[in-house]
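Here is a friendly walk through one protein model, from its sheets to its metal site. Have the sequence and the 3D view open side by side as you read.

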Amino acid sequence: MEIRGTGIGQGVAVGPVVRMADALPEPVDRPSHLDPEREGERARASLSVVAAELANRGAKAGGAAKDVLEAQSMMAEDPSLIDEVTKLLATGKTAERAVYEAFAAYRDLLAGMGGYMAERAADLDDISQRVIAHLLKLPPPGVPNPGHPFVLVARDLAPADTAMLDLDQVLGLVTSDGGPTSHTAILAREKNIVAVVGAADAATLADGDMVVVDAADDLVVSDPTTEQVAHANERIAERAALEAAPVTPGALSDGTPVPLLANLGSADGAAEALKLGAEGVGLFRTEFLFLDADAAPSVREQQEHYTRLLTAFAGRKVVVRVLDAGADKPLAFLNDAHEENPALGLRGIRALRHSEVILREQLTALAAADAATDAELWVMAPMIATVEETRYFERLAKELGIRVAGVMVETPSAALVADRVLAACDFASIGTNDLTQYTMAADRLLGTVANLQSPWHPAVLRLIADVGAAGAELGKPVGICGEAAADPLLAVVLVGLGATSLSMSPSALADVRASLARYSPDDAKALARAALAAEGAAEAKQAAQAAASDITTARTSAS
Ligand code: PEP
Ligand code: MG
């Protein structure tokens with residue numbers, strides 16, 4: 001049987017299924033035989049034990065997992081949740097039931113908000129289960145340990161579990177819930193775990209079933225044939241060879257360079273990115289540094305972080321994006337008004353312009369860090385929609401000492417007038433995540449419209465082609481920094497459409513490097529033409545695959 005979901009990365013795994021234990025049963029709603037004060041003591045004690053455990057796991061795991069687990073630990077001791085528990089206890093409920101109800105109410109609230117917030121609902125369920133298990137003196141729910149390598153199948157994984165997965169035992173991960181932006185997906189990507197998320201039919205898999213988890217094809221095959229297993233094992237061996245291959249600069253088969261850069265959210269990721277062969281940074285998401293800040297960061301604080309980043313990439317290009325606040329990444333000090341449609345609201349450059357002091361301070365900090373280091377700093381503005389905004393940003397950046405200033409092309413309007421936008425600045429970087437969301441009018445965080453969110457759609461590809469053509473005409477660089485650049489075949493198409501560099505999560509670099517090396521500039525153009533001529537996203541991908549296999553066949557028969 002084939003089960004469809006969303007693959008994270010390009011990996012393949014084969015192994016027997018072990019299911020994550022089902023959740024604890026809902027605590028019975030019966031009157032407590034203890035008084036509310038005593039129940040309150042029990043609840044608070046368990047909440048703080050669980051909070052400490054989560055913080056502890058975070059400290060051990062490090063990286064993105066640390067932030068996620070610390071956030072969870074804070075949720076476990078959130079004063080408003082504890083107040084809610086206390087109120088419920090006053091009505092005579094048991095601590096188990098009060099914790100269950102308080103967390104469930106909060107969880108429903110988040111789930112109702114949709115998008116990024118809804119995907120945090122699983123975090124609350126996990127805390128609630130851990131606290132109830134502690135109250136009942138049961139082992140905390142978590143990843144099973146069957147004593148042999150296995151494919152873990154779960155409804156969704158709590159961040160605490162994903163962070164602590166034993167990568168020698170867990171061959172792959174399949175979840176029936178969770179979208180591409182869930183914490184499970186984010187952590188799986190960071191840890192390079194072969195994963196397919198949001199595979200609803202995974203609920204039918206049972207312990208011991210053999211499966212092939214194929215992230216590249218968004219597929220899980222249960223009860224595979226001998227041939228399918230052999231094919232999967234070949235691909236696993238190919239990927240192992242690929243990961244062990246020497247790290248060379250990105251280039252097409254004739255040697256045409258296509259610099260491969262890293263997307264980073266903190267200077268902490270620099271060493272790993274360099275190890276994986278990042279030739280520089282193509283997108284540094286500065287807003288990730290300040291997601292929890294109540295007040296705008298000081299120039300000094302920013303300068304320190306940027307200096308650390310630029311020092312790590314001495315002699316290389318580093319493209320920093322000024323704060324992209326709003327929609328899925330609100331910053332308290334930049335977006336304080338409630339908006340009905342935040343993705344269409346005061347976000348990105350619009351929010352910065354509204355609080356120009358913050359933009360000036362950031363540019364000042366960046367220019368100072370640039371002056372103190374040897375990297376080649378480029379700075380760009382997010383969510384540009386007009387030529388006028390481009391001029392505004394360019395003027396301000398140059399006034400404050402930035403040498404190379406450009407814009408992100410992530411709105412259809414910027415793409416449609418890319419010739420004029422590029423004439424007004426030094427470079428463009430296409431953010432395919434937002435460009436796809438706005439072109440297809442499909443919220444990038446909403447699972448229900450996921451079928452419309454493909455950057456393979458020819459409507460998106462046509463816009464990218466226009467930007468590429470404008471860049472070539474004016475001799476200005478056009479990079480790609482959205483997730484599309486991490487798809488090895490689409491990366492070739494993007495180069496065929498005129499992209500001059502590609503930036504991605506560092507874990508995707510090896511696959512993209514290997515894919516580019518298989519095609520000449522003419523091949524890349526042929527793939528791009530095939531994709532552009534297709535009717536929809538799936539057809540465009542198929543057309544590019546067919547063109548790629550024609551090229552490989554022609555080459556094999558010629559040699
Ligand atoms: C994009 O929109 O493609 C992009 C790279 O920016 P972000 O994902 O941070 O919005
Ligand atoms: Mg964006």
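## A strand pair to start from

Pro16 has Met210 as its bridge partner in β7. Strand β3 (residues 12–19) and strand β7 (residues 210–214) run antiparallel and are joined by 5 bridges. Helices (H or I, at least four residues) and strands (E, at least two) are DSSP runs, numbered from the N terminus, and two strands pair if DSSP finds at least two bridges between them.

Helix α9 (residues 226–244) packs on the sheet here, touching β3, β7 and β8 (219–222). The direction of α9 makes about 115 degrees with that of β3. Contact means heavy atoms within 4.5 Å; axes are lines fitted to C-alpha atoms, for helices over the stretch in contact, and angles run from 0 to 180 degrees between N-to-C directions.

## How to read the model

This is a predicted model, in which local features need pLDDT of at least 70 and side-chain atom pairs count only at pLDDT 80 or more, while totals for chains, interfaces and linings use all residues. Residues are numbered from 1 along each chain as its sequence is written, chains are lettered from A and ligands numbered from 1 in the order in which they are written, and side-chain values use heavy atoms, with hydrogens and water left out.

## The open sheet

The pair above belongs to an open sheet of 8 strands, ordered β1-β8-β7-β3-β4-β5-β6-β2, with mixed pairing. At the edges stand β1 (2–4) and β2 (6–8); each has a single partner strand, so one side of each is left without a neighbour in the sheet. On average, neighbouring strands of this sheet are turned by 30 degrees against each other, direction ignored.

Take a look at β5 (residues 170–175), which is mostly covered, with 5 of its 6 residues buried. Buried means under 20% relative accessible area, exposed over 50%, and partly exposed in between (1.4 Å probe, protein chains only). Strand β4 (residues 150–154) runs parallel to β5 and is joined to it by 5 bridges, with Val174 of β5 as the bridge partner of Val153. Strand β6 (residues 195–197) is also parallel to β5, through 2 bridges, and Leu173 stands opposite Ala195 in β6.

## The barrel

A further 8 strands close into a barrel with parallel pairing, in the order β9-β10-β11-β12-β13-β14-β15-β16. From one strand to the next, the twist averages 25 degrees. Strand β9 (residues 260–264) pairs with strand β10 (residues 280–285) in the parallel sense over 3 bridges, and Val281 in β10 is the bridge partner of Ala262. Helix α14 (residues 387–399) lies across β12 (376–381) and β13 (404–409), running at about 150 degrees to β13.

## The magnesium site

Which residues coordinate the magnesium ion (ligand 2)? Glu410 (OE) and Asp434 (OD) do, at 2.0 to 2.2 Å. Glu410 lies in the loop between β13 and α15 (412–416) and Asp434 in helix α17 (residues 432–440), so the pair ties together parts that are 24 residues apart in sequence. Donors are N, O and S atoms within 2.8 Å of the metal (3.2 Å for Na, K and Ca), and water is not among the atoms, so sites may look incomplete. Glu410 counts as buried, at 2% relative accessibility, and Asp434 counts as buried at 2% as well.

## Loops worth a visit

Asn335 sits in the loop between β11 (317–321) and α12 (349–354). Its side chain reaches the backbone nitrogen of Gly326 at 3.5 Å and the backbone oxygen of Leu346 at 3.1 Å. Leaving aside neighbours within four places in sequence, Asn335 is in contact with residues including Ala325, Pro330 and Arg347.

Most residues other than glycine have a negative phi. Asp223, in the loop between β8 and α9, has a positive phi near 55 degrees, and Met383, in the loop between β12 and α14, has one of about 60 degrees. Are these two buried or exposed? Asp223 is exposed, with a relative accessible area of 66%, whereas Met383 counts as buried at 1%.

Gly255, in the loop between α9 and β9, is partly exposed at 45% relative accessibility. The C-alpha atoms of Gly255 and Ser520 are separated by 8.4 Å, although the two are 265 residues apart along the chain.

Definitions and conventions: A polar contact is a pair of N or O atoms within 3.5 Å; within protein, one must be able to donate a hydrogen and the other to accept it, and residues adjacent in sequence count only if both atoms are side-chain atoms.
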